[in-house]
Amino acid sequence: MLQLGDIAPDFEAQTTEGPIRFHDWIEGSWAVLFSHPKDFTPVCTTELGAVARLKPEFDRRGVKVIGLSVDPLQDHRVWAGDIAETQGHALNFPLIADSDRKISDLYGMIHPNASDTLTVRSVYVIGPDKKLKLSLTYPASTGRNFNEILRVIDSLQLTAEHSVATPADWRQGEDVIIVPSLGDDEAKKKFPGGWKALKPYLRMVPQPRRP
Ligand code: BEZ
């Protein structure tokens, strides 16, 4: 089972934007790999439209997005027309055709007790170091909230850049937490304006700005 901190497995794939080798495609960026159960199904159609609408937000954060299902390339291409027509946003990121389920099996995207043949709604957020930073799994019947994926990416990027963590229900602009691994002496150098210690282990600071 793929776990946080593991290197995201590399693979070769056919996509709607041509063949890729995954690690080369990531190329030092952040990346989101997500699966959907099946082309020409209602929830999936809304999800792919939602990701296309949010693509500028992923771009702004330096995040590449790629979708996957076990459908063939030709189905992806025909379905793309339905997505544009019904969701008002045309596909603007690659979709992997994983007809032989090689990648789905590699990542554990097929959960046999849910369905023998279809991928569940998996999301993998991968860092520039190619390590897995987040994974989540939704059932076929529940469309994902891709704004939540953006919120997690904001948190992950703040942690990577500024040694801060984000509290429950945190939103952009709200105070953040100095990570426990940073001692007070080091914290003073990083946060010369100081912090508010609600407890010695709970040190709040204003959200640092993006570099
Ligand atoms: C859907 O996208 O609506 C869907 C896909 C597979 C099973 C159930 C629902």
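User: Which side chain meets Arg60 in a salt bridge?

Analyst: This is a predicted model, where local features need pLDDT of at least 70, side-chain atom pairs count only at pLDDT 80 or more, and totals for chains, interfaces and linings use all residues. Residues are numbered from 1 along each chain as its sequence is written, and side-chain values use heavy atoms, with hydrogens and water left out. A salt bridge is a side-chain nitrogen of Lys or Arg within 4 Å of a carboxyl oxygen of Asp or Glu. At 2.9 Å, N to O, the partner of Arg60 is Glu57.

User: Where do Arg60 and Glu57 lie?

Analyst: Helices are DSSP runs (H or I, at least four residues), strands are E runs of at least two, and both are numbered from the N terminus. Arg60 and Glu57 are three residues apart, about one turn of the helix, and both lie in helix 2.

User: Is Arg60 buried or exposed?

Analyst: Buried means under 20% relative accessible area, exposed over 50%, and partly exposed in between (1.4 Å probe, protein chains only). Arg60 has a relative accessible area of 55%, so Arg60 is exposed.

User: Which parts does the salt bridge between Lys38 and Asp71 tie together?

Analyst: The closest N and O atoms of Lys38 and Asp71 are 2.5 Å apart. The pair ties together parts 33 residues apart in sequence, because Lys38 lies in the loop between strand 3 (30-35) and helix 2, and Asp71 in the loop between strand 4 (63-69) and helix 3 (73-87).

User: Which residue forms a salt bridge with Arg121?

Analyst: Arg121 is buried, with a relative accessible area of 2%. The closest N and O atoms are 2.9 Å apart, and the partner is Glu47.

User: Which residues surround the ligand?

Analyst: A residue is near a molecule if one of its heavy atoms lies within 4 Å of it. Helix 2 (residues 42-60) gives the most to this shell, with three residues. The ligand is surrounded by Pro37, Thr41, Pro42, Val43, Cys44, Arg121 and Ala140.

User: What percentage of the ligand's exposed area does the protein bury?

Analyst: An oxygen atom of the ligand is 2.7 Å from a polar backbone atom of Val43, and an oxygen atom of the ligand is 2.8 Å from a polar backbone atom of Cys44. Taken alone, the ligand exposes 270 Å² (Shrake-Rupley method, 1.4 Å probe). Of that area, the protein buries 76%.

How values were computed: A polar contact is a pair of N or O atoms within 3.5 Å; within protein, one must be able to donate a hydrogen and the other to accept it, and residues adjacent in sequence count only if both atoms are side-chain atoms.
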